[in-house]
Amino acid sequence: MTSDGLPGLAGDVGARVRDYQLIAQRVRRAVVEPWRLRVTGTQGISPTGGKYDLFLATLPARSGNARFRVLINGGTHGDEPGGTEAVVAFLENDPTSRWPDVEFSVLPCTNPWGFEHNRRHGPANRDLNRTFQRATPQTPEVGAIKRGLQGRRFDMFLDCHEDEIGRAH
């Protein structure tokens, strides 16, 4: 354990570096009728003792006839905040006006605990990107996301990551 009560990882102090609640507020403001926002599950323990909400936004095709269905994901790796920021900005800029025949399903941040603590992995020290084939008890957030998407089919999947030149994982 680190001094702030987080599981310790080698070379990592576990300090909270970003506020996921600000992301959650932006998502809630951006997703307005006829768009739908639901919480598919939760992850980890927040500094206030609660859990982080995992959001799924559904943006029906503005034309009423979806010719394409696109899944957009951000924030799988918490130390890559650019993915989450890009996906939230996408929601804030009404993509259905630009692409009226596309239905979007959007996961703004699949690893909010990692986002706040600048950790690649989730709270159980698992790389969520490597566990989507099979969720485990250590990755309940993956199971919640898969249940939220169950039965949906997509023409395209856009998974937003970021990388720094020369940064090793």
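Predicted model: local features only at pLDDT ≥ 70, side-chain atom pairs only at ≥ 80, totals over all residues.
Residues are numbered from 1 along each chain as its sequence is written, and side-chain values use heavy atoms, with hydrogens and water left out.

Glutamine 43 belongs to strand 1, which covers residues 36-43; helices (H or I, at least four residues) and strands (E, at least two) are DSSP runs numbered from the N terminus. Glutamine 43 counts as buried because its relative accessibility is 2%, where buried means under 20% relative accessible area, exposed means over 50%, and partly exposed lies in between, using a 1.4 Å probe and protein chains only. The side chain of glutamine 43 also makes a polar contact with the side chain of asparagine 111, at 3.0 Å. A polar contact is a pair of N or O atoms within 3.5 Å; within protein, one must be able to donate a hydrogen and the other to accept it, and residues adjacent in sequence count only if both atoms are side-chain atoms. If neighbours within four places in sequence are left aside, the residues in contact with glutamine 43 include Lys51, Tyr52, Asn111, Trp113, Pro123 and Glu141, contact being defined as heavy atoms within 4.5 Å.

The next residue to look at is glycine 44, found in the loop between strand 1 and strand 2. Glycine 44 is buried because its relative accessible area is 17%, and, not counting residues up to four places away in sequence, it touches Gly50, Lys51, Tyr52 and Pro123. Between the C-alpha atoms of glycine 44 and glycine 114 there is a separation of 9.2 Å, although these two residues are 70 residues apart along the chain.

Glu141, one of the contacts of glutamine 43, is also one of the buried residues of helix 5. This helix, residues 140-149, is mostly covered, with seven of its 10 residues buried. Which strands are included in what covers the buried residues of helix 5? They are strand 1, strand 2 (52-59), strand 3 (68-74) and strand 4 (102-107). After helix 5 comes glycine 151, whose phi is positive, near 85°.

Strand 3 is itself mostly covered, since five of its seven residues are buried. Two strands pair if DSSP finds at least two bridges between them, and strand 3 pairs with strand 4 in the parallel sense over six bridges. Strand 3 also runs parallel to strand 5 (residues 156-160), to which five bridges join it. Leucine 71 has phenylalanine 157 in strand 5 as its bridge partner, and isoleucine 72 has valine 106 in strand 4.

Aromatic rings give another view of the fold. Rings of Phe, Tyr and Trp (its six-membered ring) pair if their centres lie within 6.5 Å, and planes under 30 degrees apart count as stacked, those over 60 as edge-to-face and the rest as tilted. By this rule the count comes to five aromatic pairs. In one of these, tyrosine 20 and tyrosine 52 are edge-to-face, with 5.8 Å centre to centre and 80° between the planes. The pair links distant parts of the chain, with tyrosine 20 in helix 1 (residues 20-30) and tyrosine 52 in strand 2, 32 residues apart. Tyrosine 20 counts as buried because its relative accessibility is 1%, and tyrosine 52 is buried because its relative accessible area is 0%. Ring pairs link Tyr20, Tyr52 and Phe115 into a cluster, and the charged end of arginine 18 sits over the ring of phenylalanine 115, 4.9 Å from its centre. For a charge to sit over a ring, NZ of Lys or CZ of Arg must be within 6 Å of the ring centre and within 35 degrees of the ring normal.

A cis peptide bond, with omega about 10°, joins glutamate 33 and proline 34, and proline 34 has its place in the loop between helix 1 and strand 1. Asparagine 125, in the loop between helix 4 (112-117) and helix 5, has a phi near 65°, a positive value in a residue other than glycine.
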